[in-house]
Amino acid sequence: MRGLYVHIPFCVQKCSYCDFYSLPNRLNSLKAYIEAVLQEAAQYDQLRFETLYIGGGTPSLVGVNGLNDLMTGLTGIFRIPKLVEATIEANPESISQDFLQSALKQGIKRLSIGVQSLSDTELQKVGRAHNACQAVQAIDLAQKEGFRNISADVILGLPGQNWQSLMTTLECLTGWGLQHLSMYCLAVEPHTPLAANLPGDLPCDDEQADLYWQAVELLGQRGFKQYEISNFCLPGYECQHNLNYWHGGEYLGLGPAAASHYKGCRYKNKPDLDAYLADPCGQKDEVEKLRKPEKAAEEAILRLRLLQEGVDLSGLIQKYGENNIMALAARLNQLSMKGRLLRDGFIYRLKPEDALVSNTILSELLGD
Amino acid sequence: MLISQEMNNIRNFCIIAHIDHGKSTLADRILELTGVLHTTDNKQVLDSMDLERERGITIKAKSVRIPYKSKNGRDFILNLIDTPGHVDFNYEVSRSLKACEGAVLLVDATQGVEAQTIANAYLAIDAGLEIIPVINKIDLPNAMVDECRKQISDMLGLSGEDALLVSGKSGQGVPELLERVVERVPPPQTDESAPLRCLVFDSYYDSYRGIIPHVRVFSGTLTKGVKIMLKSTGKTFEVDEVGYFTPEILPSARLTAGEVGYLGAIIREVGDIHVGDTIISPDFPDTPAVPGFRKVLPMVFCGIYPISTNDYPKLTMALEKYILNDSSIVYEKETSAALGHGYRLGFLGMLHMDITIERLKREYGQDLIATMPSVIYKVITRRGEKIEELFIDNPSRFPEPNFIEHIEEPMVEARIFVPNDYIGSVMELSEKNRGSLKNMEHPDTRRALLTYEFPLAEIITGYYDRLKSVSRGYASMDYEFTGYKTGPLVKVDILVKENQVDALSYISDKDSAVTKARGLIHKLRKLIPRHLFSIPLQAAIGGKIIAREDIAPVRKDVIAKCYGGDISRKRKLLEKQKEGKKRMKMVGSVEVPQEAFLLLLKMEDEE
Ligand SMILES: Nc1nc2c(ncn2[C@@H]2O[C@H](COP(=O)(O)OP(=O)(O)OP(=O)(O)O)[C@@H](O)[C@H]2O)c(=O)[nH]1
Ligand code: SF4
Ligand SMILES: [Mg+2]
């Protein structure tokens with residue numbers, strides 16, 4: 001499996017918690033930007049991909065023309081005739097009928113909507129550009145236009161959020177027949193407006209944990225399986241593009257701040273739109289080539305996030321060679337002896353109840 | 001007699017005073033005035049250590065050789081030693097005195113005679129030095145010259161009328177001071193033709209040239225190529241370099257009797273030479289030793305342990321080298337169940353401990369944990385008929401409570417100078433620290449001199465800092481050990497998830513044991529991160545729990561969203577988490593941060 005990620009670094013306004021690379025007020029560069037992306041893509045002429053993910057930022061801001069230009073260009077460069085999955089992210093404030101139709105026409109059948117919450121006060125407190133009503137309309141529209149694989153992002157731990165409001169959000173979303181939910185805990189990232197001005201009603205870690213476990217239970221009752229720590233779906237609707245990340249697969253990221261994993265190397269483009277526009281192919285940064293034992297540990301850590309699938313040691317042996325996974329195997333075994341991992345033959349899994357403390361456990365798998 | 005003519009031109013003297021009375025600043029002016037340095041940028045050039053700069057205090061005595069032409073045109077060699085003023089570094093002063101014939105005694109004109117002025121003046125008088133009293137900082141508008149003169153006469157028994165008026169800052173009076181030094185300080189009484197006899201008064205370790213002793217030559221001459229013998233061990237070496245301090249070391253042809261300088265002789269073994277040793281010529285093995293230094297009694301003890309147990313050999317090496325530069329520290333091996341192999345160190349006081357640990361960390365690159373400071377307790381035990389008296393400097397080594405008859409603790413007599421306005425608050429503070437007032441005098445109209453008896457343990461757990469803060473820095477204190485006294489003492493043990501942490505045990509007076517234990521447990525709860533399981537924290541006397549709190553299990557750790565497949569960032573986060581763990585000490589299955597081991601100390605500071 002190989003995935004293609006295209007970053008759209010534009011937003012209507014910045015949300016207070018956001019540390020993604022995205023800029024407000026730069027849509028005037030859109031045309032030049034798409035040209036630059038295609039220029040960067042051209043380096044990998046004829047490469048084949050199974051999944052496509054257009055993320056952001058706010059990809060729905062590129063509009064019908066932008067999307068057409070982008071997709072025409074990409075299909076000209078890469079071999080992507082039969083994608084297993086193609087996703088585009090969209091925010092409620094910029095979803096239009098035309099846009100949705102054109103996405104479908106381009107073969108993009110999966111839609112990921114940045115709903116975040118269905119409480120207006122919560123949305124306002126973190127400076128989201130939309131309100132609950134817009135979110136409802138966006139979902140409605142997408143379904144009417146024929147999207148049958150819709151995901152919504154939900155943030156857990158928003159200022160003022162309590163179980164009552166989160167429950168409402170989740171019940172609505174599942175009730176409306178969405179297929180997938182990504183539910184991430186709000187993290188206060190340094191240098192964000194949120195960090196500079198912490199609201200008093202921000203749920204603490206323990207409160208977030210309470211919300212999380214109640215949400216997990218509710219989603220379970222609604223038939224959503226927790227296939228990853230923060231991702232839930234109806235059977236068969238796992239996000240293939242993201243699964244590929246967690247399987248340690250290859251992917252190419254286009255655009256500023258986009259990350260790639262290609263030919264054993266991980267690297268990132270510099271987060272600088274202007275530099276990117278000036279030289280789309282010269283932004284590679286933080287190139288990292290791990291040795292096999294580290295690579296194997298990294299893959300195990302990623303795979304353990306998949307709560308049901310877990311990591312299959314025999315698969316790692318095949319991929320990396322027995323010598324390179326000895327230390328890892330010992331660590332996995334040690335953790336299972338300590339009762340921190342479940343073991344089933346060659347397969348190790350996180351205990352479901354440890355989902356929120358996984359870092360503490362997973363960091364043990366790293367070498368010294 | 002050409003040689004003794006030369007000798008007549010040498011003047012060895014040190015500058016002594018209470019802390020902050022301006023010794024190092026005056027040394028700057030002297031260096032500038034005599035042209036040794038162009039400018040000192042007013043930064044106390046002799047305070048060359050980073051820590052000295054940062055804290056604005058002198059820690060190590062430093063000598064410097066200064067050529068000086070007097071008013072009447074005669075050439076002199078002055079050897080000046082700048083000494084520290086803080087009571088903890090008193091040992092530096094007493095060693096410096098051995099290398100001198102005279103002492104410039106500074107009194108800050110705005111402060112008058114203080115506790116360390118008296119202590120240091122008496123050290124110099126006892127060493128038979130010529131003392132030149134100086135009233136310093138006379139540039140300040142609140143200088144009290146007449147009062148200082150009177151105090152110098154009344155309290156020190158020196159001639160206050162004679163005291164020179166100087167400003168180390170502006171340089172006023174400094175030329176007159178130098179004239180007085182060459183006039184009053186006697187030249188060294190020496191015999192250059194007699195066999196070699198030198199006193200090692202300091203040393204340091206140089207990775208290329210081995211141990212470099214600092215010496216005062218009492219008789220004979222040191223030159224390159226000469227053979228020397230250590231009187232104490234009989235080991236011999238060949239001198240390959242001699243020189244002076246300018247203040248950097250500067251090689252010279254020779255060091256003759258009466259002079260102060262250094263020598264290099266490829267001395268590699270740390271045990272081969274000690275401060276206080278006498279260096280003689282192997283040809284005259286019967287040359288008597290120079291009377292060494294008074295033995296100093298360490299007052300405060302703590303354990304130091306490498307953070308990573310593998311670093312114990314490195315710590316050993318660092319410590320051995322460090323001791324070369326600070327012979328007042330005593331040390332011995334120690335093993336802790338919680339912390340592994342380490343050392344028990346004895347210091348002259350809390351600042352000394354603080355500085356030593358900081359220097360070991362910075363200058364010697366040691367990653368270490370220092371445990372809570374303790375004094376030496378005298379524990380009287382009875383097992384059947386057998387009565388024993390044990391001296392114990394580590395609470396974790398205390399015998400079982402049922403064998404203890406009673407515990408005695410070291411007491412000190414403290415002399416505290418305090419301005420009238422603060423007498424009340426100082427007395428209140430002292431009472432809280434189990435002090436008992438022995439005497440109260442009024443050396444002048446502004447101040448009182450309080451004499452207190454204290455348990456030393458109270459002094460080392462921050463009394464001095466608190467004294468400074470309740471008196472806005474105006475009180476000064478000096479103390480000396482007076483003996484042992486029975487106290488109502490108990491040993492408190494700390495248990496982390498049922499494991500006793502030996503390095504956290506402490507001795508407390510009975511009355512405040514429970515309050516202290518509660519405070520400590522509370523602090524500990526905030527300091528130890530939450531784990532995947534719950535952690536009971538307990539304090540106990542004998543088997544009896546006197547305080548308890550529980551650390552709830554962690555329910556959520558930081559989850560970085562791996563957006564856009566930025567896996568590296570995620571991995572780095574985990575790596576950082578793992579790295580953080582390495583800085584923790586494992587107590588059973590609990591990771592305890594280093595700070596925990598200094599907790600009690602900090603707790604007292606914040607009270
Ligand atoms: N106004 C004035 N200030 C002075 C004078 N001499 C020193 N000071 C100030 O007093 C403070 C202490 O000076 P130091 O020279 O470091 O004192 P010290 O005696 O060497 O201190 P320790 O070595 O720590 O005992 C500094 O802030 C100096 O600037 C002086 O003659 N006049
Ligand atoms: S919409 Fe998303 S990318 Fe844009 S500012 Fe908000 S959080 Fe950031
Ligand atoms: Mg000084």
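1. Which backbone atom lies 3.0 Å from an oxygen atom of ligand 1? In this predicted model, the atom is a backbone N or O of Gly85(B). This pair is a polar contact, that is, two N or O atoms within 3.5 Å; within protein, one must be able to donate a hydrogen and the other to accept it, and residues adjacent in sequence count only if both atoms are side-chain atoms. A polar backbone atom of Gly168(B) is 2.9 Å from an oxygen atom of ligand 1, and a polar side-chain atom of Asp139(B) lies 2.8 Å from a nitrogen atom of the ligand. Of the 650 Å² of accessible area that ligand 1 has on its own, the protein covers 86% (Shrake-Rupley method, 1.4 Å probe; for residues, only the protein chains shown count as cover).

2. On conventions, residues are numbered from 1 along each chain as its sequence is written, while chains are lettered from A and ligands numbered from 1 in the order in which they are written. Local features need pLDDT of at least 70, side-chain atom pairs count only at pLDDT 80 or more, and totals for chains, interfaces and linings use all residues; side-chain values use heavy atoms, with hydrogens and water left out.

3. The shell of ligand 1 comprises 19 residues, the closest being Lys23(B), Ser24(B), Thr25(B), Thr58(B) and Asp139(B); a residue belongs to a shell if one of its heavy atoms lies within 4 Å of the molecule. Helix α2 (residues 23-33) of chain B supplies the largest share, three residues. Helices (H or I, at least four residues) and strands (E, at least two) are DSSP runs, numbered from the N terminus. By class, this shell has three nonpolar, eleven polar and five charged residues. Here Ala, Val, Leu, Ile, Met, Phe, Trp, Tyr, Cys and Pro count as nonpolar, Asp, Glu, Lys and Arg as charged, and the others, Gly among them, as polar.

4. Ligand 2 is surrounded by residues of chain A, among them Cys11(A), Cys15(A), Cys18(A), Asn91(A) and Arg128(A). Its shell divides into five nonpolar, five polar and two charged residues. Gly57(A) also belongs to this shell, and the peptide bond from Gly56(A) to Gly57(A) is cis, with omega near 15 degrees. Gly57(A) is found in the loop between β4 (51-56) and α2 (63-77) of chain A.

5. At the interface, 27 residues of chain B are in contact with 39 residues of chain A (heavy atoms within 4.5 Å). The two chains bury about 3,300 Å² between them, 54% of it on carbon and sulfur atoms; buried area is the accessible area (1.4 Å probe) lost on putting two parts together, summed over both.

6. Eleven salt bridges cross this interface, each requiring a side-chain nitrogen of Lys or Arg within 4 Å of a carboxyl oxygen of Asp or Glu. One pair is Asp566(B) with Lys268(A), whose closest N and O atoms are 3.1 Å apart. The side of chain B that touches chain A has nine nonpolar, four polar and 14 charged residues.

7. Over all chains, the count comes to 63 salt bridges. Lys60(B) and Asp202(B) form one, with the closest N and O atoms 2.8 Å apart. This pair links distant parts of the chain, 142 residues apart: Lys60(B) lies in the loop between α3 (50-55) and β2 (62-69), and Asp202(B) in strand β7 (residues 197-206).

8. The Thr246(B) to Pro247(B) peptide bond is cis, with omega near 0 degrees. His191(A), although not a glycine, has a positive phi of about 65 degrees.
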